[in-house]
Amino acid sequence: MVPTGAYGTWPSPIDAALAASRDGRPEFAGVVGEEVWWTAPRPTEGGRRALMRRRAGGPEESVLPAPWNVRSRVIEYGGRPWAAAARPGDGPLVVFVHHPDQRLYVFEPDGGGEPRPLTPVSGTGGGLRWVDPVVLPDRGEVWCVLEEFTGDAPTDVRRVVAAVPLDGSAAEDRAVVRELTDDRHRFVTGPRLSPDGSRVAWIAWDHPRMPWDGTEAMVGEVSGTGPFTAVRCVAGGPDESVAQVDWAPDGSLLLVSDPGNWWEPRRIRPDALDGAEPTATGLCEGRNEEFGGPLWKIGLQWFQPLDSGLIAVIHGKGATALGILDPETGELVDAAGPWTEWAPTLAAHGTRVVGVAASPRTGYEVVELDTRTGRTRVIGAAHVDAVDPAYYPEPQIRTFTGPDSREIHAHIYPPHNPDRVAPDDELPPFVVWAHGGPTGHAPLVLDLEIAYFTSRGIGVAEVNYGGSTGYGREYRNRLREQWGVVDVEDCAAVAEALASEGTADPDRLAIRGGSAGGWTTAASLTGTDVYACGTIIYPILDLMGWATDGTHDFESRYLDSLVGPLAEVPCRYRERSPIEHVDRISVPFLLLQGLDDPICPPVQSERFLARMAGRGISHAYIAFEGESHGFRRADTMIRALEAELSLYAQTFGIRRTDVPPLELKK
C-alpha cells in the first residue's frame with residue numbers, strides 16, 4: 001500500500017542539483033556537410049555554451065574545449081553565434097562568437113590549431129558584437145550582423161550587416177570591416193544569399209516597434225566589393241511582423257509574416273521581385289495557427305527550404321509540430337513522433353531535416369527527419385531519464401475564463417508522486433508560473449524544475465496569459481497598454497478557478513516568475529490578495545526607471561506598446577509600478593537577482609528592498625555574482641530552487657529537512 005503523506009512533504013529523487021543539470025536546451029542546429037552541429041548548455045562549467053558536432057555514423061563530440069563559450073550578446077538576448085562551411089578534403093571551417101570578449105573567431109577543428117580572432121576589441125560602451133554569421137569561403141569573408149556601441153549609454157548603438165575578412169586582417173583594424181548596409185534601421189537580422197548569389201535578403205525594424213509588432217523584409221543586390229545596392233522593402237510594415245526570410249531553390253523569396261491574425265508562410269516569385277510592387281502570396285492559409293513566432297534572438301528559424309522545393313515548417317496553436325509543406329498545393333504533412341514543442345531552429349541537407357524538439361516526457365533533443373521515409377530519430381543531446389519517469393508530472397492542457405469572458409490558456413501540473421498519496425481531506429498548494437517576455441509562452445515540455453515541486457506535492461500552473469504568443473496576433477495584442485493589468489488578472493483568474501473547482505487550496509497559492517514574469521509576480525503581490533507568497537526573479541519593478549536609460553537598447557521602447565508612450569501617460573507608469581506600492585505587499589516574498597544583469601539591473605531590486613525596509617514583511621534577497629539575465633550556473637540554480645522551496649514550506653506550514661532553511665527578514 002502506498003503511504004499517505006501531506007502535500008508538500010513527499011520525498012523525491014528529483015533534487016535541485018538534478019534539475020539544474022538539465023536546465024537549458026540545445027540551440028542553433030546546423031548541417032555542415034554530412035555532419036550535424038548545435039550549441040549545448042553546460043551549467044556545471046560556469047554556464048558556458050558548448051559547440052557540438054555529430055559526424056555521420058559517429059557519436060556526438062565537442063568542437064571546442066572549455067573555456068570557449070559560443071554565445072552572442074547582440075541585443076543582449078543574442079542569436080545564432082556560429083556558422084561553418086564544409087570544405088571537402090580540408091575539413092570544416094567554423095566561425096563563432098566567444099562570449100567573454102564577443103569577438104568573432106575562426107577555427108579549423110580538424111586542423112589541430114587554435115581559434116584565431118577575426119575582429120578587434122572595442123573599448124567604447126559594450127564594444128563590438130556579432131551575430132547570425134554566414135561563411136562564404138569563395139569570397140574569403142563572413143557576413144553577419146555588427147552591433148557597435150558608439151557611447152557609454154545602453155542606447156548609444158548602431159547595427160549593420162557587415163563583411164569580415166577570413167584572413168584575420170580585421171582583428172586589429174575595425175576599418176577593414178566592410179559595411180554592406182547603412183544604419184538607417186536600428187535593428188537588422190543576418191543576410192540570406194539567393195541561390196545564384198545575386199540577391200540578399202534580411203529583416204529590419206525600428207523603435208518604438210518590437211519585431212512582433214512590425215518589421216520589413218529587405219532585399220538588395222550584391223555588387224562586387226561594395227555595399228548592397230537597389231535596397232528596398234518587399235514585404236512587412238508597421239503593422240505586419242515578418243519573422244523570417246529565406247530563398248527557395250527557384251529564387252523565390254520565402255517569408256513568414258502576419259498581415260492577418262496568424263504568422264503564415266508566404267512567397268514572392270522571382271518575376272514579382274523584379275516588379276515595382278512585389279506581392280507576397282500565402283502558401284498555407286486558413287489553418288488558424290502560427291508558422292512563426294517572436295524574434296527574441298537574431299537568426300531564429302521556423303522554416304527551412306529543401307532542395308526538392310518543399311519547405312520544412314514549424315507550426316501549431318499553443319503546441320507545435322514539424323511538418324513538410326508543398327508550396328504548390330498547400331498540402332502539409334507532419335512528422336511522426338512524441339514531440340509537442342519544436343524550438344525555432346531548423347537545418348537541412350538533401351532529404352534530411354534537423355531540429356530541436358521536446359515533449360512532456362522528454363527534454364529538448366536534436367531530432368532528424370528523413371523526408372523520403374518519414375522516419376524521425378534522435379541524433380544528439382538525447383534525453384536520458386535520470387530518475388524513474390513515474391515521478392514526472394502529467395500536464396493538463398486547460399482553457400479558463402477570465403474577465404470579460406476572455407479565454408486564458410494554461411498548462412496545469414497537479415502534484416504527482418508514485419510513492420505517496422495525499423490525505424482525502426487535504427487540498428494541495430499550487431504555484432502559478434508567469435513566463436517571461438511577456439511576448440513569449442510556456443511550452444508543453446518536460447521541465448525538471450516543475451517536477452521538483454510536483455513530485456514533492458506542490459502543484460504548478462503555467463499560465464499563457466493574454467499577450468502570450470502561439471495563439472495569434474489578437475491574443476498577444478490583449479496586452480497592448482495593459483501590462484500589469486491583463487497578465488495579473490489572467491494569472492489570478494487561473495489560480496482562483498483552481499481553488500473554486502477544488503483542485504488547489506485557496507489558502508496556499510503562490511506566484512513566481514522571472515524577468516517579465518517577475519514583474520507580473522510583483523504586480524500581483526501589490527495588486528491582488530490571491531497569493532500567500534511569491535518568488536520574484538530578476539524582475540522589472542520600476543517602469544519609470546526602466547524607460548529612462550534603465551535597460552538595454554532592444555527593449556528600451558518596449559513599454560510604448562506594453563504601457564503606452566511615456567510622454568503621453570506618465571501617471572500610468574507610476575500607478576502600475578510595484579515599487580510605488582510596496583505598502584500593499586502583505587505576504588512573504590523571495591527576490592532573486594543576477595548582479596551582472598543589463599536587462600533588469602540590480603538597482604531596481606535594491607531600490608525596491610529599500611522601500612520595503614521597516615515594513616515588517618518577511619522576505620529574503622539573494623544576489624548572484626557573475627549571473628546575468630537568466631541564471632546559467634548550476635550552483636546558482638541549485639541555491640535559487642532550494643530557497644524557493646523553503647519559502648513555500650515556511651509559508652504553507654510544510655515541514656521539510658532536505659533543503660537549507662531560507663532566512664526571512666522583516
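1. Second largest cavity. About 70 Å³ of space lies in the second largest cavity of this predicted model. A cavity here is a set of points, on a 1 Å grid over the protein atoms alone, where a 1.4 Å probe fits but cannot get out. The volume is the space filled by probe spheres set on the points, with grid points joined across faces, edges and corners. Its lining is made by Asp132, Thr189, Gly190, Arg192, Ile203, Ala243, Gln244, Val245, Leu295, Gly299 and Leu300. Lining residues have an atom within 4 Å of a point. Strand 18 provides the largest share, three residues. By class, the lining holds five nonpolar, four polar and two charged residues. Nonpolar covers Ala, Val, Leu, Ile, Met, Phe, Trp, Tyr, Cys and Pro; charged covers Asp, Glu, Lys and Arg; the others, Gly among them, are polar.

2. Ground rules. Residues are numbered from 1 along each chain as its sequence is written. The model is predicted, with local features needing pLDDT of at least 70, side-chain atom pairs counting only at pLDDT 80 or more, and totals for chains, interfaces and linings using all residues; side-chain values use heavy atoms, with hydrogens and water left out.

3. Largest cavity. Six cavities of 30 Å³ or more are counted. The largest cavity has a volume of about 110 Å³. Trp212, Asp213, Thr439, Gly467, Arg476, Asn477, Leu479, Arg480, Tyr558, Ser561 and Leu562 form its lining. That lining divides into four nonpolar, four polar and three charged residues.

4. Second largest pocket. A pocket is an open set of points with protein on both sides within 12 Å along at least five of seven lines. The lining has 23 nonpolar, eight polar and five charged residues.

5. Which strand gives the most to the lining of the second largest pocket? Strand 9 does, with five residues. Strands that each supply at least two residues include strand 1 (27-32), strand 9 (128-136), strand 18 (242-247) and strand 26 (341-349). Strands (E, at least two residues) and helices (H or I, at least four) are DSSP runs, numbered from the N terminus.

6. Strand 3. Seven of the seven residues of strand 3 (residues 48-54) are buried, so the strand is largely enclosed by the rest of the structure. Buried means under 20% relative accessible area, exposed over 50% and partly exposed in between, with a 1.4 Å probe and protein chains only. Both faces are covered. Arg48, Ala50, Met52 and Arg54 are buried on one side; Arg49, Leu51 and Arg53 are buried on the other.

7. Partners of strand 3. Two strands pair if DSSP finds at least two bridges between them. Strand 2 (residues 35-42) runs antiparallel to strand 3, joined by seven bridges. Ala40 has Ala50 as its bridge partner. This hairpin has five residues between the strands, and Gly46 in the turn has a positive phi of about 75 degrees. Strand 4 (residues 60-62) is also antiparallel to strand 3, through three bridges. Arg53 stands opposite Glu61 there. In this second hairpin, with five residues between the strands, Gly57 takes a positive phi near 75 degrees.

8. Four strands form an open antiparallel sheet in the order 26-27-28-29. Strand 26 and strand 29 (375-380) are the edges, each pairing on one side only. Neighbouring strands are turned by 30 degrees against each other on average, direction ignored. Those angles come from axes fitted to C-alpha atoms, for helices over the stretch in contact; angles run from 0 to 180 degrees between N-to-C directions. Seven bridges join strand 27 (residues 352-359) to strand 28 (residues 362-370). Arg352 is bridged to Asp370.

9. Aromatic pairs. The count comes to 25 aromatic pairs. Rings of Phe, Tyr and Trp (its six-membered ring) pair if their centres lie within 6.5 Å; planes under 30 degrees apart are stacked, over 60 edge-to-face and the rest tilted. Phe96 and Tyr105 are stacked, at 5.7 Å centre to centre and 20 degrees between the planes. Both are buried. Phe589 and Phe608 are edge-to-face, at 5.9 Å and 65 degrees. They link distant parts of the chain: Phe589 sits in strand 36 (residues 589-594) and Phe608 in helix 10 (residues 602-612), 19 residues apart. Phe589 and Phe608 are buried.

10. Ring cluster. Which residues do ring pairs link into a cluster? They are Tyr77, Phe187, Trp205, Trp212, Trp296, Phe554 and Tyr558.
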